[in-house]
Amino acid sequence: MAMGAPRTRTHLSADALFRMLRSGFAAIDDHRPGKPDIALTDALMSALAMFSLKAPSLLAFDRERTEGNLQRVYGMQRVPCDTTMREILDPVEPEALRPLFQHVFRALQRGKALAAMVFVQDHYLLALDGTGYFSSNQIHCESCLETHHRNGTITYRHQMLGAALIHPDRREVLPLMPEPIIKQDGTDKNDCEREAAKRLITKLRQDHPHLKVIVTEDSLSSNAPHIQALQEDHLHYILGVKAGDHASLFERVAAAERAGRVTYYDRDDPETGLRHRFRFVSNVPLNESHADLRVNFLECWEWDQDKIQHFSWVTDLRLNKGTVYQIMRGGRARWRIENETFNTLKNQGYHFEHNYGHGYQHLSVVFAVLMMLAFLVDQVQQLCCPLFQAAWAKWGSKRLLWEKMRALFYAYALESMQHLFEALFYGLKKSATPLDFDTS
Ligand SMILES: [Zn+2]
């Protein structure tokens, strides 16, 4: 490495994470009998490499030319062709991939890298949100959600509930294992986001029994059963509410105001020129049918010159003049799961909505989960790897960075991801050989 090259925490480098994920894949039971030609580990790793390189399709993965790089950089032994990869991955249970997210999370904890994501008093903000990534009138699998139309046609869809640690001051997001919203075993009924949220919360507590978490979600989540589930699993919350959807709550707040129980607090920020007005009241019933479920209510108006924005949430966090500003920021950081996660996956080179192959059983879900895993590795680099940050800054946009990355990967023999990042930042001077030499 050149003098003065940016240093990274070794066990959080892309190379170390790929080695770790590779051994995680190796621990997954192969569903095939005997000793197949291509190991399940190699099939999983090649899908991960495809998403890591943001290759728009399996065919764009020029296997012959890049085989050496796939072996050296991603540690593969044999690289499967696209059909073989799909066939091997289709029967893999998506849940088998859950430990991989935990391995990366533990590595972040060990490296003290999670400290950058602490929101308040050892607590992390966890944003949950659902998104769709596949819809078709023809292509479908056993897991597809189905909408039957009056004219007899069927729309097949895939959705997932994403979960990511976020921070109001950071662009990086750290996704946890997403919860697929799919047709559940042994039922004809469609799954829904609410049911997926129940499963996600239970599994979150199994994976991270002691993690201090404040969950932040949009107003669809502000219902009694969901809040009770959060409480049972010792998860704090900041959840959006809307006057239109939560009429009785807003009436209770108005009544509390008439009774003099509501607090107003104005806050000017000379640095940004923003003005905030907060209105809050504690211990109000969420709605008439769950009068015993009491929540704290926070409302905020923000003036930016002549533009006004308005927000409202319910929370179990204590509201006072010292806390409402930070809680407002936590509630508003929720958009990072839409913007920095789903929009990045859909529009910043990851091709989340692209059909890489649907399969008959789990392939579509397995691909989506592996893409989230590749995105997690990238986000760890963005958070912890100065070399990655420097290369990104040099090329200016993620799209261009991924393009350059692929161009180098397809053209030169590379030793490691570190080598690739160095080439992206310093240029290729000495050690890299054009691939023609390598594969002749
Ligand atoms: Zn499907």
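# Zinc site and salt bridges

Arg98 has a relative accessibility of 10%, so it counts as buried. The model is predicted. It holds a zinc ion with protein donors from Cys141, Cys144, His158 and His358, 25 salt bridges and zero disulfides.

**Salt bridges around Arg98**
- Arg98 pairs with Glu95 in a salt bridge, with N and O 2.8 Å apart; Glu95 is partly exposed, at 34% relative accessible area.
- A salt bridge also joins Arg98 to Glu179, where the closest N and O atoms are 3.9 Å apart.
- This pair links distant parts of the chain, with Arg98 in helix H5 (residues 98–110) and Glu179 in strand S6 (residues 179–181), 81 residues apart.
- Arg98 and Glu179 are both buried.

- Salt bridges link Glu95, Arg98, Glu179, Asp191, Arg199, Lys203 and Asp207 in a network.
- Within it, Arg199 and Asp191 bring their closest N and O atoms to 2.6 Å, and both residues are buried.

**Zinc ion**
- The donor atoms are SG of Cys141 and Cys144 and NE2 of His158 and His358, at 2.0 to 2.2 Å from the zinc ion.
- The arrangement is tetrahedral because the four donor atoms subtend angles of 102 to 128°.
- The donor residues follow the spacing C-x2-C-x13-H-x199-H in sequence.
- Cys144, in the loop between strands S2 (123–136) and S3 (145–148), and His358, in the loop between helices H10 (335–347) and H11 (363–384), are 214 residues apart; both are buried.

**Cysteines**
- The sulfur of Cys192 lies 17 Å from the closest cysteine sulfur, that of Cys144, which is too far for a bond.
- Cys192 is partly exposed, at 34% relative accessibility, whereas Cys300 is buried, at 0%.

How values were computed
Residues numbered from 1 in each chain as written. Predicted model: local features only at pLDDT ≥ 70, side-chain atom pairs only at ≥ 80, totals over all residues. Heavy atoms only, no water. Donors = N, O, S within 2.8 Å, 3.2 Å for Na, K, Ca; no water. Tetrahedral: all angles 85-135°; square planar, octahedral: opposite > 155°, others 65-115°. Helix = DSSP H or I, 4+ residues; strand = E, 2+ residues; numbered from the N terminus. Buried < 20%, exposed > 50% of the residue type's maximum accessible area, 1.4 Å probe, protein only. Disulfide = S-S within 2.5 Å. Salt bridge = Lys/Arg side-chain N within 4 Å of Asp/Glu carboxyl O.
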